[in-house]
Amino acid sequence: MIRLTLPLLALGLASCANAETAPQSTPVAAEKSFRDRLPSEEIVYFVLPDRFENGDTANDLGDFTGGRLETGFDPSHKGFFHGGDLQGLTQRLDYLENLGVTAIWFAPIFQNKPVQGPKGDESAGYHGYWVTDFTRPDGHFGTREEFKTFVDAAHARGMKVYMDIITNHTADVIRYAEGDETGYAYRSLGDYPYSTRGGLNGEPINNGFSGHEDSSEENFARLTDPTYAYTPYVPEAEREVKVPAWLNNPIYYHNRGDTTFTGESSRQGDFVGLDDLFTEHPRVRDGMIEIYCGWVRSTGIDGFRIDTARHVDPGFWQTFVPALEACSEEAGIPNFHMFGEVASEIPTAGYFAEYTRRDKLPAVLDFAFAAAMREVLGRGEGTHVLSTLFEGDVLYEGGVETALTLPTFLGNHDVGRFSTLIKADMPDISQEELLARVKLGHAMMLALRGSPVIYYGAEQGFVGDGNDQLAREDMFPSKTAVYNDNRLLGTDATTADSNFDENHPLFRLIAEFSQMRRAHPALLRGRQVVRHYEQEPGIFAVSRFDPGDGSEYLAVFNTSGEVQQANVTLGYDARLFEQLAGACPAAVTAPGSATFSLPAFGWAVCRVAETAE
């Protein structure tokens, strides 16, 4: 595609010369209690506690002593602990409140194995996904009391708190006698059935066990020997490292070697070496319910983001979800939200919807939205991609009502930052155009259906170099060279500085759109109808309808690097517009049609202010 330099006019929130005269959104007269808000009403901030703010340097080493390989602390290395903690999160709640955040989702805070990996390629559990103790926060982050203080302080500001939880695996502790520590090839159900030790020609074991499809206690009582594929063992030094204690028994793990992320291994194999829980086992199901109900009861949290959900058997979710819904209701927490990670780059809904129908997950992270936005704003696809995406909303269990609750996002800690993804697709892009595309992406996410998720640092123009560790920069002054060599979007700062600038152009944009979204129920949870799309980069438009009085709003976007004009259909009774953001026409062109002219990467959000009698 042809890449054009962005006119400076398109960089502001209003995307037009009359931005400063645009009417401001008025707060809702009586905002509901945060406990009563629906998931679709939230503006979520996703943060890795280790990389946000270091409120207490005394816990930088966690509960360990020694060097970096013992404690996991090395702020100069992108894959080790850097010092951020719960106290730091609590200290910065005002910043998040000013951004317009209504819910905070943070990476797992459970006690992790501090360091794992082959010699010379070690990294630390700063991200939280290598759990050893599911019952307490990691010492690097703080104490149970500090976690409860954080939750209470967030609630006092009307913010919900979503925990990131893991049921698929634990830290890499179990070893196999047959292999080496560089990895273990997956051993399939066909070649290594539960009925023989170490393969088809091995001696009979687990007499009467009829396989994992039958999750009854009677069946699993017959599974007594875990050596059907490999011979698992736990090193003496880590024999009792996992909490609760039942997690230390290899019988509660699949023990089939490393997943290839295809076929049966996707659910039966070890996720990058991590010990894969036997989630079909009734003891594992009961144990996970006990763990997470305990967190709900003791802390009053408001929901779970569920890690690696697609790698867990559907029967587990069909048991776990209703149990946690009942647990949260008993704890007096209405609208407890659970959304699963089903990672894929497919820009359509079908694959993701099956996890709400078959597995009965209430919602999934909207990876399809993220993929479609990258197609449109990074790869030069037409806006028809978004229309196709939203047409698939009917496929989710509960249809379009469920689609409203899906957490939408642009980038994250695994796939990389949105700015990084666009740079990968458009390596010659200027900083100015990159900023404009990133701003447009956030404007669209905050106006379209779903529950928008801001990845921490996006509001400060963070520009990573890749995915995973390269997308997990520090908000507090960083000592990591591979982070500090990037100039941030919209500023001359780098990650070597503290980056909590509330005047940053991206911060201001997100804050203004968040205020607008919260002031207008149509933009929070209103029905969405696609009004205009094109086969090339250009105009995309939707109507959103107030769930109370049915009033119509138009959100119109230009994904092109040139000025674009389009006649957009809308309700035939519309006459005049109120401008909420961008360049709205004063009135319709004719009943049922309004002409929009938008600058490069511009937008308009308009409320129908007067209708025909």
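Me: Before we start, which residues count as charged here?

Reply: Lys and Arg count as positive, Asp and Glu as negative, while His and the chain ends are left out. This is a predicted model, and in it the protein carries 50 positive and 88 negative charges, with mean positions 1 Å apart.

Me: What does the overall fold look like, and how many helices and strands does the protein have?

Reply: There are 17 helices and 23 strands. The radius of gyration is 25 Å, close to the 25 Å that the globule rule gives for 613 residues, so the protein is as compact as a globular protein of that length. Its C-alpha trace spans about 80 × 50 × 50 Å along the principal axes.

Me: What share of the residues is buried?

Reply: Of the 613, 62% count as buried. As for contacts between residues at least 6 apart in sequence, 72% of them join residues at least 24 apart.

Me: Let's zoom in on α4. Why does its end-to-end distance agree with its number of residues?

Reply: Helix α4 runs over residues 144-156, and at 1.5 Å a residue its 13 residues should span 18 Å; the end C-alpha atoms are 18 Å apart, which agrees.

Me: And how do I read which way its residues point?

Reply: An α-helix has 3.6 residues a turn, so residues three or four places apart point the same way. In α4, the buried ones are F147, F150, V151, A153, A154 and H155. Their packing partners include α2 (86-91), β6 (131-137) and α7 (282-299).

Me: What comes just after α4?

Reply: G158, which takes a positive phi of about 80 degrees.

Methods:
Residues numbered from 1 in each chain as written. Predicted model: local features only at pLDDT ≥ 70, side-chain atom pairs only at ≥ 80, totals over all residues. Heavy atoms only, no water. Helix = DSSP H or I, 4+ residues; strand = E, 2+ residues; numbered from the N terminus. Expected span 1.5 Å × (residues − 1). Buried < 20%, exposed > 50% of the residue type's maximum accessible area, 1.4 Å probe, protein only. Contact = heavy atoms within 4.5 Å. Rg over C-alpha atoms; globule rule 2.2 N^0.38 Å. Charge placed at Lys NZ, Arg CZ, Asp CG, Glu CD.
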